[in-house]
Protein chains: 2
Amino acid sequence: MVLTADGRLRVAVVGTGLIGGSVLLRLHACGLDVTGWDPDEQTRRQARLAGVPTAERLVDAVADRDVVFLGGPLPTLPATLVEVATATGEECLLTDVGSTKAALAAFAAQRGLTRRFVPGHPMAGADRAGLAAALPDLFAGASWVLCPAPDGLAAFRRLATLLTEVFAARVVPMAADRHDAVVALASHVPHLLAGALAGAAQRSPLSDAVLTLAAGSFRDGTRVAGTPPQRTVNMLRGNRDEVLAALTEVTAFLDELAGALRSGDGDRLADRYVEAGAARAALVGRPYDQQVRSFPVGEERAELDWLCGLGAAGGHLSACQVRGGTVYYTAHRPPTARA
Amino acid sequence: MVLTADGRLRVAVVGTGLIGGSVLLRLHACGLDVTGWDPDEQTRRQARLAGVPTAERLVDAVADRDVVFLGGPLPTLPATLVEVATATGEECLLTDVGSTKAALAAFAAQRGLTRRFVPGHPMAGADRAGLAAALPDLFAGASWVLCPAPDGLAAFRRLATLLTEVFAARVVPMAADRHDAVVALASHVPHLLAGALAGAAQRSPLSDAVLTLAAGSFRDGTRVAGTPPQRTVNMLRGNRDEVLAALTEVTAFLDELAGALRSGDGDRLADRYVEAGAARAALVGRPYDQQVRSFPVGEERAELDWLCGLGAAGGHLSACQVRGGTVYYTAHRPPTARA
């Protein structure tokens, strides 16, 4: 564990809705010295009732902290980052939990914060919002993207250690723009499809009967259409160009399916479903090769390239330790031969 | 319960894969006199090993039966219907469990079988196929469509009693062509969207990373892409025109979402998600008004109209009893004012 001189990590979480709140609850449950803050007074009261230390002002929550997690609605994160960076010292690590990364990473670079701010994105969520929906175990086994900057590897290592040890998360190192292209397909377009399916059902003259006959495929396929609308809108707008590009790929495949169906070509339709089924099979039963990889602290370029290559290949880290000038990563990588 | 003179209903299930097999297991678990048959020899052996009576030949399975359920792949159902109708007497009720209804209903009408054949479709399933995946409780609480013909109400009533009492299913009476239009949106288009999303992910140069970052929205949205391809193809081809029409409605809504996103119109995007969310809210928390409705046996037109109106309005039956020349239905109907 990354500890401070007095042996106890001091953490703050700013913005304690569903995601930030789950971070807060986990850190508190693990016995870390953590303080939460949220602009919403009722949320602060809720946190206090749950027995979690909560400050009345942001500056009090983050003062003298070693690590600060930034949560809250996506459009608020740049201002929160500036506010927290100003209120904390140079040695205080900062990370966020927002669902898009490139814009915030660029903003942090402009402000000269890349040495201590590591953009992050835990791939977990729920249809509901707010601290009341937060769960301390939300991130156990989940992928948690961190976007290391060339001059931010020291910060990346300490956060990777914290996330694997305290949250049992799979840390996925990835460049910020790559992250945004990947989540466009892995999360944002699925929200568009769910919205389109639920919206068309709502508008249909057959709506009542459709909802009665809704089978598992409809229920699963529309689940995230029940997410609070503004959260979905913020996420999609924060990644607009990548989302529209990924949507083009998905509608191209949809057109192939519809074309094969229209022309009555059952073999072609079946071939496309075999192709689709391969992704599904890889999703539910993908094996990983495990390795321990080490780098001398100071050779940042090789370490950064290896980290970003690991994430791009679908791999993740389950441990990070720095001992005697060497960093040791425990890495898990899908076999390269996946069709 | 609809019983025969000797007090015990004799049932057969022909085609015992996932759905037919689940019907077979439920009937057997409830102590009915049931015999199964499947063209696949290994499936028959499997059923026997599970302690379920199984005939070696179709004719032996259906001889002297009161009710026969027809399962198996969708394209085989017309031939199976003819074969079973020929091997059974005029008083033997027939129903199927196929996922489209209009073509088979028309076929049965041509063959003069509407008095004893009631097209059916239980709205339950699983990603896996075959008797090994069958579950006796698969239909508990599930919607089960039955399509009554004007001269087939006596058969409909007896099946409705059987399905509610033995399977604890919600019987949804619906005209066959209406069923096909409804399931196009409630089940078939969701299979197209799942295939398109999984297929695009499989083809993407970012594929490995997409699968690693796949959040709940992607996992849920692609689940049915893991269904055996030929089953999906049969289902889509069996309802081609309705599926393509429903797909047009869904892609129109998708275009609205993409258009609002492209133009950066967050309010319009949020409005569309509010609309979509209404369907989702109705899906998970829809109340029903309960009533008991009776008809004198013999006034078929009024009964048929009421039944089909109930299904079209999103309602279902939880009981059906015939006593002294009157049929009593316990019906559940969503409040009419749903926005």
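In chain B, strand β4 (residues 93-96) pairs with β5(B) in the parallel sense over two bridges. Within this pairing, B:Thr95 stands opposite B:Val118 in β5(B). The coordinates described here are those of a predicted model.

**The parallel sheets**

The pair β4 and β5 belongs to an open sheet of five strands in chain B, ordered β2-β1-β3-β4-β5, with parallel pairing. The edges of this sheet are β2 (33-37) and β5 (117-118) of chain B; each has a single partner strand, so one side of each is left without a neighbour in the sheet.

Chain A likewise holds an open sheet, in which five strands run in the order β2-β1-β3-β4-β5 and pair in parallel. Here β2 (33-37) and β5 of chain A stand at the edges, and because each has a single partner strand, one side of each lacks a neighbour in the sheet. Further inside the strand order, β3 (residues 67-70) of chain A pairs with β4(A) in the parallel sense over four bridges. A:Val68 of this pairing stands opposite A:Leu94 in β4(A).

**The annotated domain**

The UniProt record, an unreviewed entry, places the feature "domain: Prephenate/arogenate dehydrogenase" at residues 9-291 of chain A. This span is 54% helix and 12% strand, and its end C-alpha atoms lie 28 Å apart.

**The interface between chain A and chain B**

The contact draws 94 residues from chain A and 94 residues from chain B. About 8,200 Å² is buried between the two chains, and carbon and sulfur atoms give 68% of that area. On the side of chain A, the residues that lose the most area to chain B are A:Leu213, A:Leu261 and A:Tyr273, which together account for 10% of what that side buries.

Polar interactions also cross this interface: 28 residue pairs are found in polar contact, both residues at pLDDT 80 or more. The elements of chain A that each supply at least two residues of the side touching chain B include β7 (143-146), α8 (207-213), α9 (216-222), α10 (229-237), α12 (266-284) and α13 (300-312). The largest share, 22 residues, comes from α7(A). By residue class, the side of chain A that touches chain B divides into 53 nonpolar, 25 polar and 16 charged residues.

One residue of chain B that reaches across is B:Arg262, which lies in helix α11 (residues 240-262) of chain B. Leaving aside its neighbours within four places in sequence, B:Arg262 is in contact with A:Arg240 and A:Leu244. Within its own chain, B:Arg262 is 97 residues from B:Glu165 in sequence and 53 Å from it in space, C-alpha to C-alpha.

**Salt bridges**

Side chains of opposite charge can pair when their charged atoms come close. The whole structure contains 42 salt bridges over all chains, and eight are found across the interface of chain A and chain B. Two examples are set out below.

| B:Arg223 | A:Asp220 | 2.3 Å |

Key. Residues numbered from 1 in each chain as written. Chains lettered and ligands numbered in written order. Predicted model: local features only at pLDDT ≥ 70, side-chain atom pairs only at ≥ 80, totals over all residues. Heavy atoms only, no water. Contact = heavy atoms within 4.5 Å. Buried area = accessible area lost by both parts, 1.4 Å probe. Salt bridge = Lys/Arg side-chain N within 4 Å of Asp/Glu carboxyl O. Polar contact = N/O pair within 3.5 Å; in protein donor to acceptor, adjacent residues only side chain to side chain. Nonpolar A, V, L, I, M, F, W, Y, C, P; charged D, E, K, R; others polar. UniProt positions renumbered as here; feature names shortened; annotations may be inferred. Pairing = 2+ DSSP bridges.
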